[in-house]
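Subject: Structure handover

Hi,

Here is the structure I said I would pass on. My notes follow below it.

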Amino acid sequence: MSNEGLVIVPIQQKVSFRRRRTVVFLGFANSRSQFLSAVILSSKEIRESILSSINEIIIRRPDDWHLHVRDGAFLNAVVPYTAKVFGRAIIMPNLTPPVITAAGASAYRDRILSSLVDGEDFEPLMTAYLTDVTDPAEIARGHENFVFTAAKLYPAGATTNSDNGVTDIANISRVLETMEKIGMPLLIHGEVTDPDIDIFDREKVFIDRTLEPTLQRFPDLKIVFEHITTKEAVDFVKEAGSQIAATITPHHLVINRNALFTGGIRPHMYCLPIAKREKHRIALRAAATSGDASFFLGTDSAPHPVSDKESSCGCAGIFNAPSALEIYAQVFDEEGSLDLLECFASLNGPAFYGLPVNDGSITLQRGDRPRDPCLSVGHEEIMPFEMEKPVGWKIVA
Ligand code: NCD
Ligand code: ZN
């Protein structure tokens, strides 16, 4: 008799009796979770049938490993959306001017903490913006003093506020050597800036021209390939071993490049790296929902004033913080992998960064989520990311 036969029967009965209120506890070390997880993982058919009938899930409090919160009034308007759901977030340093010193990052962290309205238990994890002239000693000092969690490589000109970025990775060799030595992760916006390369190929070309040689040259450097958008990136990360991991945004899991042109030009669907063809979206969904520890949550929520988005030269960035976790939950549900949402959202990231997982939990329930209103910030507005149909999961606690 197989193991499956031994465990399925009682659970099938239990689920059929309580179908409308089935709750699965994931990731908590109590006997109930171990029992249910064992059953859920025991057979593909049963697993899918049980998962599709689940109406509520409780996961350990997640983290956002890639977030833009800006500064000033925008900061105060957007941070609460993240802080009420996520325990920590890796804060991107691409302000104007960028965050390049430990003192600057520490002051920025204080401003973020002051923006918390309801005393949320939220920890901003700060990053250093690398330039051609970054001093390795400043990066090392900032890391040693628990100010910098990681450093960010923007190829100069690759994206929003990246003009002060790195023009050639050779210019930061000494910084990378130092980071490798002290175990500080390097976060990479992985796109070439060569105007001769088609915008849809820039991530793929970056892998060959820059990423692969960097991994070879610094074999102990921990790298996060940020907001990946292509099948090539998925395959590369899967095969490259534990030195490298990747974040995946909610929007790249639910839109492909057609969304930029549905019935006209759609500036609120424009971000960098730009959404790619459907086959890439499918590869991203498979990677995110696979449970593979190399992939974890990073929203890349990037608010901009509507006036900058709806312009003759609209800027890149999608503000998804209000509904990010719910969109991920919907994707995992659609892919029959709800039991792996917690790995992606709450476990894989801390494991890669060598940090403890969060205390506390978030409860999500099946059901249409109300749409988010536009945010008014002074005279400006910020438009939250929105799909055609309402998101089918809501956070309830
Ligand atoms: C980000 C921003 O607006 O700061 N924009 C984006 O399209 N993702 C920068 C970035 O992460 O590329
Ligand atoms: Zn970003």
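This is a predicted model: local features need pLDDT of at least 70, side-chain atom pairs count only at pLDDT 80 or more; totals for chains, interfaces and linings use all residues.

Which residues are around ligand 1? The shell consists of His-68, Asn-94, Thr-159, Thr-160, Asn-161, His-189, Cys-271, Leu-272, Asp-300, Ala-302, Ala-316 and Gly-317. By class, the shell has four nonpolar residues, seven polar and one charged.

Backbone points

Two cis peptide bonds turned up. One runs from Thr-96 to Pro-97, with omega near -5°. Pro-97 sits in the loop between β4 and α5. The other runs from Leu-272 to Pro-273, again with omega near -5°. Leu-272 is also one of the residues around ligand 1. Pro-273 is in the loop between α10 (250-254) and α11 (278-288).

Phe-146 has a positive phi, near 60°, and is not a glycine. Look for Phe-146 in the loop between α6 and β6. As background, most residues other than glycine have a negative phi, and most peptide bonds are trans.

The eight-stranded sheet

This sheet is open, and its pairing is parallel. The strand order is β3-β4-β5-β6-β7-β8-β9-β10. On average, neighbouring strands are turned by 30° against each other, direction ignored.

Take one pair inside the sheet. Strands β8 (residues 223-225) and β9 (residues 244-248) run parallel and are joined by three bridges. Phe-225 has Ala-246 of β9 as its bridge partner.

Two helices that pack on this sheet are worth a look. Helix α9 (residues 231-239) touches β8 and β9. The direction of α9 makes about 145° with that of β9. Helix α5 (residues 102-114) touches β4 (88-91), β5 (123-129) and β6 (148-153). The direction of α5 makes about 150° with that of β5.

Helix pairs

What angle do the axes of α6 and α7 cross at, and within what distance do they come? The axes of helix α6 (residues 136-144) and helix α7 (residues 173-182) cross at roughly 25° and come within 9 Å. Angles under 35 degrees count as roughly parallel, so α6 and α7 are roughly parallel to each other. Their crossing is right-handed. From α6, the contact uses Pro-136, Ile-139, Ala-140 and His-143. From α7, it uses Arg-174, Val-175, Thr-178, Met-179 and Ile-182. Six of the contact residues are nonpolar, two polar and one charged.

Helix α8 (residues 202-217) packs with α9 at an angle of about 30°, the axes being 8 Å apart. On the α8 side are Glu-203, Lys-204 and Ile-207. On the α9 side are Glu-232, Ala-233 and Phe-236. The classes here are three nonpolar, three charged and no polar.

Antiparallel pairs

Strand β11 (residues 361-366) takes part in two pairings to check. Five bridges join β11 to strand β2 (residues 56-60), and the two run antiparallel. Within that pair, Glu-56 has Gln-365 as its bridge partner. Strand β14 (residues 393-395) is joined to β11 by three bridges, also antiparallel. There, Leu-364 stands opposite Ile-395.

Over to you.

Best wishes

Note on methods. Residues are numbered from 1 along each chain as its sequence is written. Chains are lettered from A and ligands numbered from 1 in the order in which they are written. Two strands pair if DSSP finds at least two bridges between them. Helices (H or I, at least four residues) and strands (E, at least two) are DSSP runs, numbered from the N terminus. Axes are lines fitted to C-alpha atoms, for helices over the stretch in contact, and angles run from 0 to 180 degrees between N-to-C directions. Two residues are in contact if their C-beta atoms, placed from the backbone, lie within 7 Å. Angles under 35 degrees count as roughly parallel, over 145 as roughly antiparallel, 65 to 115 as roughly perpendicular and the rest as oblique. A crossing is left-handed if the near helix is turned anticlockwise from the far one by less than a right angle, and right-handed if clockwise. Ala, Val, Leu, Ile, Met, Phe, Trp, Tyr, Cys and Pro count as nonpolar, Asp, Glu, Lys and Arg as charged, and the others, Gly among them, as polar. A residue is near a molecule or strand if its C-beta atom, placed from the backbone, lies within 6 Å of it.
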